[in-house]
Amino acid sequence: MALVIGAGAVVGEGCVLHPGVVLYDDVVLGEGCEIHAGAVLHPFTHVEGARVGPGALVGPFARLRPSSVVGAGAHVGNFVELKNATLHEGAKANHLAYLGDVEAEARRLGMKPVDGSRTVFLNLPTASASAPVAPGPKK
């Protein structure tokens, strides 16, 4: 399995890239990242001190901050930010979401994607204690 690194991609010191990883153009990996086999990081994704599991899809325009973990086959979509958050195997945060200090499992989410549209998780220790902040009425 080939490692693919796009134009303008940056790999920081101490990063571990396993076989079959795809880093599209302008992906930035800060120090201490680990990206497992078959993971795909789409353009303009920024990862700092986080771990991305095998076969996970991240981005475009996603940000994984330190201590974040994206499990095997999980999906972090466009304009999603994780801070000290764990998305377990198969969990999804498709778009426009901030997940901070949270743990999300697909089985607890009914095997459906986290509705990233206008949803915010804040300072919640586990998925069993989490509830999305209700968005205001649409205008």
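The model is a predicted one, in which local features need pLDDT of at least 70 and side-chain atom pairs count only at pLDDT 80 or more, while totals for chains, interfaces and linings use all residues. Residues are numbered from 1 along each chain as its sequence is written, and side-chain values use heavy atoms, with hydrogens and water left out.

The chain has 17 strands and zero helices (DSSP runs numbered from the N terminus: E of at least two residues for strands, H or I of at least four for helices). Of its 139 residues, 38% count as buried (under 20% relative accessible area, with exposed over 50% and partly exposed in between; 1.4 Å probe, protein chains only). Among contacts between residues at least 6 apart in sequence, 3% join residues at least 24 apart, a contact meaning heavy atoms within 4.5 Å.

Six of the strands form an open sheet with parallel pairing, in the order β3-β6-β9-β12-β14-β16 (strands pair if DSSP finds at least two bridges between them). At the edges stand β3 (16-17) and β16 (103-104), each with a single partner strand, so one side of each is left without a neighbour in the sheet. Within the sheet, β6 (residues 34-35) and β9 (residues 51-52) run parallel and are joined by two bridges; here Glu-34 has Arg-51 of β9 as its bridge partner.

Beyond its neighbours within four places in sequence, Val-76 is in contact with residues including Leu-57, Val-58, Leu-64, Val-70, Leu-82 and Ala-93.

A polar residue deserves a look as well. Ser-68 lies in the loop between β11 (63-64) and β12 (69-70) and counts as buried, at 1% relative accessibility. A polar atom of the Ser-68 side chain lies 3.3 Å from the backbone oxygen of Leu-82. Leaving aside neighbours within four places in sequence, Ser-68 is in contact with Ala-50, Arg-51, Leu-82, Lys-83, Asn-84 and Ala-85.

The structure holds four salt bridges, each a side-chain nitrogen of Lys or Arg within 4 Å of a carboxyl oxygen of Asp or Glu. One of them joins Arg-63 and Glu-48 at 3.0 Å, N to O, linking strand β11 to the loop between β8 (46-47) and β9 across 15 residues. Arg-63 is partly exposed at 34% relative accessible area, and Glu-48 is partly exposed at 27%. The side chains of Arg-65 and Glu-81 also meet, at 2.9 Å, N to O; Arg-65 lies in the loop between β11 and β12 and Glu-81 in strand β13, so this pair ties together parts 16 residues apart in sequence. Asp-101 and Lys-83 form a salt bridge at 2.8 Å, N to O, with Asp-101 in the loop between β15 and β16 and Lys-83 in strand β13, 18 residues apart. Salt bridges that share partners join Glu-48, Arg-63, Arg-65 and Glu-81 into one network.

Technical notes:
A polar contact is a pair of N or O atoms within 3.5 Å; within protein, one must be able to donate a hydrogen and the other to accept it, and residues adjacent in sequence count only if both atoms are side-chain atoms.
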